[in-house]
Amino acid sequence: MATLTPISQSQYLLKKAHLKPSQARIANFGSEFIPKSISLQFRLPNCSRMIKSPLKATTVVSATTAEKPKRRYPGEAKGFVEEMRFVAMKLHTRDQAKEGEKETREPQERPVSKWEPSIEGYLRFLVDSKLVYHTLEEIVEKAAFPFYAEFRNTGLERSEALAKDLDWFIQQGHVIPEPSSPGVTYAEFLKELSDKDPQAFICHFYNIYFAHSAGGRMIGKKVAEKILDKKELEFYKWDGDLSQLLQSVKDKLNKVAESWTREEKNHCLEETEQSFKNSGDILRLIMS
Ligand code: HEM
């Protein structure tokens, strides 16, 4: 059984780990990405148990060897998708998701139950979403970077489903608008990004598909209750088991990111904010 190490030695360990609060920041990240409750882990001599201390970054330190401490990024142990998820969840408002930390500023950041959607606005949202999903499908088809081909035919594709929904609206006598600025801008941006910056592109790819499967579905349900007499659109239906489809894409994303350097991973994570901005502009159309 291991004996507990005196306080002074623990303090020495912390010093050795160079963990001043300012240095617990993730390189190039704003403080909003710093986990509030992540703990420092270290191993005491002759003790196989991990000791937790409430510091802001997670670092694994060996006391018995002169090994360099290995800094852990939030979610890193579970794979890179978990890192992307961690950053994305912090960028939600509390009204949007319980892990959210952002202040509510934009209309789409208010609780969905308080939204006042219109059919015209929802159609603008569906048209722009179709353009964005179609663009993603074209990008992985073209595969400017060979690994994009891994993400063809994942079962998450949405442009065909959205085309069916727009046909349904036509049958109901509605006029389908042309794509508007938020969708056109985002589609152009994604095309350019995918040709020159694969890590940043993957951040958008992840956020678009996974946001739709989570908050997006909830929004679809609430909007349908308010203005579509609960009609369930094809946009919110998948062939096969959605959680399995998502898991298979997660596995592929994790595999792809295994070959990325830490800088490339951080670059990808930093793109999350841009992704929220573009998708937020499209979501806001629902209330236009
Ligand atoms: C009104 C807007 C939004 C609402 C209400 C919302 C709500 C949610 C909720 C409830 C979750 C599930 C949280 C959980 O797993 O416990 C979630 C997950 C997520 N959201 Fe959002 N969200 C919104 C907008 C966005 C936007 C704009 C993006 C980025 C483009 C985004 C990206 C994500 C991602 C990546 C996840 C994780 C999905 C997963 O774990 O599979 N969300 N959101």
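Which helices each supply at least two residues of the shell around the ligand? In this predicted model, the helices that do so are α2 (80–90), α6 and α9 (272–284). Helix α6 provides the largest share, with 7 residues of the shell. Among the 19 residues around the ligand, those that come nearest are Q96, A211, A214, G215 and S279. Sorted by class, the shell is made up of 10 nonpolar, 8 polar and 1 charged residues.

Helix α6, which spans residues 198–227, also meets helix α8, residues 262–270. The axes of these two helices come within 8 Å and cross at roughly 45 degrees. An angle of 65 to 115 degrees would count as roughly perpendicular and one under 35 degrees as roughly parallel, so α6 and α8 are oblique to each other. The crossing of α6 past α8 is right-handed. On the α6 side, the contact is formed by Q199, A200, I202 and C203, which meet E264, H267 and C268 of α8. The residues of this contact comprise 4 nonpolar, 2 polar and 1 charged.

Turning to another part of the chain, W168 can be found in helix α4, which covers residues 159–171. Is this tryptophan buried, exposed or partly exposed? W168 has 14 other C-beta atoms within 10 Å; being buried would take 20 or more, and being exposed 12 or fewer, so W168 is partly exposed.

Key
Residues numbered from 1 in each chain as written. Predicted model: local features only at pLDDT ≥ 70, side-chain atom pairs only at ≥ 80, totals over all residues. Axes fitted to C-alpha atoms, helices over the stretch in contact; angles between N-to-C directions. Helix = DSSP H or I, 4+ residues; strand = E, 2+ residues; numbered from the N terminus. Parallel < 35°, antiparallel > 145°, perpendicular 65-115°, else oblique. Left-handed = near helix turned anticlockwise from the far one by under 90°. Contact = placed C-beta atoms within 7 Å. Nonpolar A, V, L, I, M, F, W, Y, C, P; charged D, E, K, R; others polar. Near = placed C-beta within 6 Å.
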